[in-house]
Amino acid sequence: MKENLYSNRLITKLIISFLAVLLLAGIGFTAATFYFSNHYLSETTQRLHANLAQDLIDEKFVSESPIDSLGNVNKALFGDIMHDMMGINRAIEVYLLDMEGKVQYSVVLDHSDPKKQQEQVALAPIETFIAQNGNGYILGDNPRSPGEEQIFSAAKFSKGGKEGYIYIILAGQDYSNTKALLFGGYAQKMGLGISILTLFFAGLLGILSIWYLTKNLREISYAAKRFQQGDLEYRIAAKHKTDLTGLANTYNKMADTILKDMEHIKSLENMRRELIANISHDLRTPLSVIQGYIETLKMKEGQLSESDKERYMDIISSSGERLSKMIAQLFEYSKLEAKQITPKKEPFLLSELAHDICNNYEVLAQKKNIQFSLDIPENVPLVFADISLVERAIQNLIDNALKFTPENGTVTLQLVNNNKEVAILIKDDGPGITEENQALIFERYRQTKQSHEKEGAGLGLAIVRKIVELHNASIKVLSKPNEGTIFSFSLPIYNISNA
């Protein structure tokens, strides 16, 4: 069963994070709603009452001025007008200002405590308001609340040689107090309602969206769980159609690689078992020979002639050498297969190495009546390789050639300059190798019918292949039955770039 949503920690974290973002968004939305709603209401009120001050002047101060000839405020006239207007609309406050913006009179001012009021009003907003004919959202000073700005209506009067301003606050203190009193409850209801609705619908949509968007992630998680439970063939289907194509491809490739590695490990295990069986068989033969002749010497002590003793000791010695060689080859191949040997490349002359190897094998070749020859052109360039490993590879190939070449046959070591590489060829006059067996001879402990008839553990050519592969090259074989065999590989010519 696929993993449940609420048991998936990633999806749970995504949902919690999404709900937290929604909560913050709801709070921000509510605050923005209050701000812009208040701004909209204030601008509407100011536009609606923009001509209120001018209407007051046109209707009430047609024949009389609010300031008498002595410069005093006509409080009887102005006070009655203010009371009448503010009685009809308790939200407004009316002020009389001189040309410098100083408050001359208002029935709402408490002159006994001047700290609670502002007697000077900035004229810049008033002049801007008059210049725009009230078409705009402009805030002015509130004389009853210093430092606070409110919407207003204003107009300039000029009567009886006296000038000033009628300044009307459209949202006075009574309006502000009532608004503040109602705002708390309204804000709580509106904010709570908007938040609940926003969280509900957006949360529902968010959960569904996260469930849909993480569908591919859950599929990958499900595939990994199936793989963990042993279904090694399960893969993510239609991976190119998913939102996580790269991750799906990576998972499928990873699963393929793991499966391939497991098959390789199984193959190695089978090879290990085969190796142990072959080692046991191959080591048993020389050990049995040594043990048998030693027991014979003990049993027939004093009864054997010196020549028989010498012959038995020679057999024991040759079997011991064969056993030692097999063990050395086994260790050498094991190190090469485990990649514990790193080639130490250097420039050297293959021609000199070929001559040294020829001198070492000359006596052995003569003993078997085999002609060992060299075919080396002049001016063979330096090659870049590990000289000791290359020598070991050539020796194994020559050992193999001498082993299968009949008496009066020929073994040839040839070098060929191919401009970028120097090829090494070992030719023999042996029985040759059939085409189907040519793919097997480089595998460890794989021996053809002819090789089973000869001494050897089947590791010589396998070692050669590993050495050649360490030099980023490949060993090639050209052979036909009864026409001999040619083994060849190439080494790069030395230059500064490959040093």
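User: Which residues does Asp386 touch, not counting residues up to four places away in sequence?
Analyst: Asp386 touches Thr342, Pro343, Lys344, Lys345, Phe348 and His471. Keep in mind that this is a predicted model.

User: Where is Asp386 placed?
Analyst: Asp386 is in the loop between strand 8 (382–385) and helix 10 (387–404).

User: Is Asp386 buried or exposed?
Analyst: Asp386 is buried. Yet Asp386 has no salt bridge.

User: Which side chain of opposite charge is nearest to Asp386, and how far away is it?
Analyst: That is Lys344, at 7.0 Å.

User: What does the side chain of Asp386 reach at 2.7 Å?
Analyst: The backbone nitrogen of Lys344. A polar atom of the Asp386 side chain also lies 3.2 Å from the backbone nitrogen of Leu389.

User: OK, on to salt bridges. How many does the structure hold?
Analyst: The structure holds four. One of them joins Glu93 and Arg144.

User: How far apart are the closest N and O atoms of Glu93 and Arg144?
Analyst: They are 2.9 Å apart. Glu93 lies in strand 1 (residues 93–97), while Arg144 is in the loop between strand 3 (139–141) and strand 4 (149–159), so the pair ties together parts that are 51 residues apart in sequence.

User: Buried or exposed, what about Glu93?
Analyst: Glu93 has a relative accessible area of 2%, so it is buried.

User: Which residue does Arg47 pair with in a salt bridge?
Analyst: Arg47 pairs with Glu43, with 3.6 Å between the closest N and O atoms. Both residues lie in helix 1 (residues 9–48). They are four residues apart, about one turn of the helix.

User: Why does Arg47 count as partly exposed?
Analyst: Because its relative accessibility is 46%. Glu43 is also partly exposed, because its relative accessible area is 23%.

User: What does Asp308 meet in a salt bridge?
Analyst: The side chain of Asp308 meets that of Arg311, at 3.8 Å from N to O. Both residues sit in helix 8 (residues 306–337), three residues apart, about one turn of the helix. Asp308 has a relative accessible area of 25%, so it is partly exposed. Arg311 has 41%, so it is partly exposed too.

User: New topic: the surface. Which residues make the nonpolar patch of about 550 Å²?
Analyst: Leu197, Phe200, Phe201, Leu204 and Leu208 make that patch.

User: Where is Leu208, then?
Analyst: Leu208 is in helix 5 (residues 173–213). Its relative accessibility is 53%, so Leu208 counts as exposed.

User: What is the accessible surface of the protein?
Analyst: About 29800 Å². Carbon and sulfur atoms account for 55% of that.

User: And how much of the protein is buried?
Analyst: Buried residues make up 38% of the 499 residues.

User: What about Ile290, buried or exposed?
Analyst: Ile290 is buried, because its relative accessible area is 16%. Ile290 belongs to helix 7 (residues 245–299).

User: Which residues is Ile290 in contact with, leaving aside neighbours within four places in sequence?
Analyst: Ile316, Ser319 and Gly320. The C-alpha atoms of Ile290 and Ser318 are separated by 9.2 Å, and those two residues are 28 apart along the chain.

User: Which phi does Asn379 have?
Analyst: Asn379 has a positive phi of about 55 degrees, although it is not a glycine. Most residues other than glycine have a negative phi.

User: Where is Asn379 found?
Analyst: Asn379 is in the loop between strand 7 (371–375) and strand 8. At 71% relative accessibility, Asn379 counts as exposed.

User: What about the phi of Asn408?
Analyst: Asn408 has a positive phi of about 65 degrees, and it is not a glycine. Asn408 lies in the loop between helix 10 and strand 9 (410–417). Its relative accessibility is 67%, so Asn408 counts as exposed.

User: Last one. How many helices and strands are there?
Analyst: The protein has 13 helices and 12 strands. Of the contacts between residues at least 6 apart in sequence, 66% join residues at least 24 apart.

Note on methods:
Residues numbered from 1 in each chain as written. Predicted model: local features only at pLDDT ≥ 70, side-chain atom pairs only at ≥ 80, totals over all residues. Heavy atoms only, no water. Patch = residues over 30% accessible without salt bridge, like charges linked within 9 Å, V, L, I, M, F, W, Y side chains within 5 Å. Areas by Shrake-Rupley, 256 points an atom, 1.4 Å probe, with all protein chains shown as cover. Helix = DSSP H or I, 4+ residues; strand = E, 2+ residues; numbered from the N terminus. Buried < 20%, exposed > 50% of the residue type's maximum accessible area, 1.4 Å probe, protein only. Lys, Arg positive; Asp, Glu negative; His and termini not counted. Polar contact = N/O pair within 3.5 Å; in protein donor to acceptor, adjacent residues only side chain to side chain. Contact = heavy atoms within 4.5 Å.
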